[in-house]
Amino acid sequence: MSRQGATAQELLEALRAQRAFGALDPEALAGVASVMHVKKFSADDLQDDIDGLYFILRGAVRLIDADSRTEVALHPGELFGYGTPASAVGAWSATVSDDALLARVASTDIDALCAAQPSLRCFLAPEATVVADAHPAPPGLNLLPTSVRALIKRGPVTLAPDTSIRDAATLMTEQRVSSVLIVSQGRLSGVVTDRDLRSRVIAQGTDTSRPLSDIATPRPLTIDVRNPAFEALLLMTRHNIHHLPVTDGDALVGVITATDLNAHHSTSPVFLAGEIFKQDTLEGLAAAAARVALLQQNLAASGASAYSSGRMITAITDAITCRLLQLAEAKLGPPPIDYVWVAAGSQARSEQTARSDQDNCMVIDDAFDPARHGEYFNALSVFVCDGLAACGYVHCPGEMMAMTDLWRQPKSRWLQYFRRWTDEPDPKALMLTCVFFDLRAIYGKASLLDELRRDMLSMTQGKRMFLAHMVGNALTHTPPLGLFRAISTIRSGAHRGTIDFKHSGIVPVVDLARVYALAGGHEAINTYDRLDVAATSGEISGQSARDLRETLEFIARIRIRHQLSQLAAGLKADNFVKPDELSNFERSQLKDAFGVVQTLQSVLGQRYQAGRF
């Protein structure tokens, strides 16, 4: 969530007071806040650009219907845009009549929120909800872009027809499966489920030494691995079955169950965040975290922007982190003094994908006494960092985590760190600044970080030598454009012939936005937000900010698509994209995107050389 003029607590309080959102439970409300983008608007902004649902925090907005010449004034606490009655009739436009602070939610997020929180439909009627009400669709419509292959968790468990019922039940228990497939002469001849064991064996007192074929469902329905998962749902619903064998040609490759399909429904960010806070064990949290890749797949399939997707994926990481901290405090007891757990890097910027390392630190109250408090905070940080690793967020290779003593310090020590880094900007100091300038409070006393950030920004704003070094550091990551704007690929090593979409695509834009924020003393953390603020303050032109935003969105979308295809194939996700994964049109766009970054890096370099910092 952007913090332009509103803290997270202020936004939550405003949502609680709003009629539509106020009835939600605290966890659901936090999920709503996590997908909101707060932004300041000046008088006469917005106009016809109502591209989501807007919640007025401050100021006033005028809605105008040119056809009926109707004008309506809206005030703080009111909603307009996607899903409100005015969006369904007439051609309304909106204009800010006074300087306003608005929280925006993307239309795809509203659809997901209304699906997860039915009470919102009393107040909002997004298109997806209206259509569903008018023409009831089978549950799980979001399964349409997902293949059956993506739902298979393991290979099939098969037995011969003459296997005894007792032996089959024993094997099902050992393998922890709810069905077995009967194969005769290499062909599927039947299926036996745990329901068959209850209704056809236990309930009827059947002799368990009899052959399995006596209680099997013969000639079961099957589905091909290449079919959409939505077809599997329709087939199972139509025939009231809970287990569906999956084939690849003549070969059996697995079984999908009603539970597998239902799990797909539970990957909306709001539902998943709520599930996370219900977990009381690390195993439960790890199981919930395993759904993040599927959540990102669903977001990509629904057309969610990389910006919106990053915020929602990060919101899940935040929820997991908070829950781990709650479990740690329940185990260790309440903290002896105030602290704040802080996210760094992509989590701080709300720009995570399903593949993320952990970068975090801890700021402790200056009353910290190592002898009295050190053991507690060390145990707490180890519990959380190891817990994050168990949930798939691997330990930072550079050990930039709160469990490292260096990055678990009182506020005064952190201030010393930043003062030294800005006064003596050597390569290591610049690297640490890049990591720890992007900070966001996750849990605890947020004011400790707020005070630190204010002091930190006062050190960097207008500090020419430091900013010059930061510019030089930013220019070390350049887009891979060669002679005549040809895209260059990696020439050697394990990733030869690929393009590093992170370090050659994402990082240069992130670095540019960070320099703009440092130069202007801006508090925005998210890269998109930093570009907006930089344009408003004059660090770059509005057109350049839009170009960089669109460049980042385009590159990030390809990166997400690449990672999802790898995960679907059972591979480890990375950032190295082969040019032949792109269409000719995408390759042309990529050249233009890299050109935008290259041009603005050149402008920044020239400004530095001219000594205008």
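In helix α11 (residues 282-289), the buried residues are Gly284, Leu285, Ala288 and Ala289. Because they cover an arc of only 135 degrees around the axis, they lie on the same side of α11. Buried means under 20% relative accessible area, with a 1.4 Å probe and protein chains only; the arc is that of the directions from the helix axis to the C-beta atoms. Helices (H or I, at least four residues) and strands (E, at least two) are DSSP runs, numbered from the N terminus.

The model is predicted: local features need pLDDT of at least 70, side-chain atom pairs count only at pLDDT 80 or more, and totals for chains, interfaces and linings use all residues. Residues are numbered from 1 along each chain as its sequence is written, and side-chain values use heavy atoms, without hydrogens and water.

Rings of Phe, Tyr and Trp (its six-membered ring) pair if their centres lie within 6.5 Å; planes under 30 degrees apart count as stacked, over 60 as edge-to-face and the rest as tilted. The centres of Trp414 and Tyr417 are 5.4 Å apart and their planes stand at 80 degrees, so this pair is edge-to-face. Trp414 is buried, at 0% relative accessible area, and Tyr417 is buried at 5%.

How values were computed: Buried < 20%, exposed > 50% of the residue type's maximum accessible area, 1.4 Å probe, protein only.
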